[in-house]
Amino acid sequence: MTDIELNQNNFSSSDFSLQCWIQTEQSGKILSKHTNETSFSLHINAHGNIAFSVLSEEKTRTITATNISVIDNEWYHITVVKTDTFLYLYINDLDLKIEN
């Protein structure tokens, strides 16, 4: 998605995917977008775990990879996919999924 497409979409009702490479030694935001109606956030929590959240007026959906810490200055390929039913999180092709 381009920035224009991100501004025009309602993240709670749209399907989308994001990909990035990261290398870090600290927690914090990787990528986030906020509108008046909804938002999403891809970030590293204080434990070094990748988390992806989609927020809307009705609910918040979150998936967190608790089995891997990425705060080690190594490279990681991150992919997140949001559908109506599931959130998917891939770290170096390891698949995690959460139902709606």
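Begin by selecting Phe86 and Tyr88, both of which are buried in this predicted model. The centres of their two rings lie 5.7 Å apart with the planes at 45°, so the pair of Phe86 and Tyr88 is tilted. Counted by the same rule, the structure has 5 aromatic pairs.

Next, select Phe40 and Phe52, another tilted aromatic pair, with 6.4 Å from centre to centre and 55° between the planes. This pair links distant parts of the chain, since Phe40 lies in strand S3 and Phe52 in strand S4, 12 residues apart. Phe40 has a relative accessible area of 0% and is therefore buried, and Phe52 is likewise buried because its relative accessible area is 0%.

Keep Phe52 in view and turn to the largest nonpolar core, which has 19 residues, and in which Ile22, Leu42, Ile50, Phe52, Ile78, Leu89 and Ile91 touch the most other members. At least two residues of this core come from each of strands S1 (16-23), S3 (39-44), S4 (50-55), S6 (75-82) and S7 (86-91), and S1 gives the most, with 4 residues. Now select Ile22, whose contacts, leaving aside residues up to four places away in sequence, are Ile30, Ile44, Ile50, Val70, Glu74, Trp75, Tyr76 and Ile78.

Finish at Lys33, which lies in strand S2 (residues 28-34). Is Lys33 buried or exposed? Lys33 counts as buried, because its relative accessibility is 15%. From its C-alpha atom to that of Val54, 21 residues apart along the chain, the separation is 9.8 Å.

Conventions: Residues are numbered from 1 along each chain as its sequence is written. This is a predicted model: local features need pLDDT of at least 70, side-chain atom pairs count only at pLDDT 80 or more; totals for chains, interfaces and linings use all residues. Side-chain values use heavy atoms; hydrogens and water are left out. Buried means under 20% relative accessible area, exposed over 50%, partly exposed in between (1.4 Å probe, protein chains only). A nonpolar core is a set of buried Ala, Val, Leu, Ile, Met, Phe, Trp, Tyr and Cys residues joined through side-chain atoms within 4.5 Å. Contact means heavy atoms within 4.5 Å. Rings of Phe, Tyr and Trp (its six-membered ring) pair if their centres lie within 6.5 Å; planes under 30 degrees apart count as stacked, over 60 as edge-to-face and the rest as tilted.
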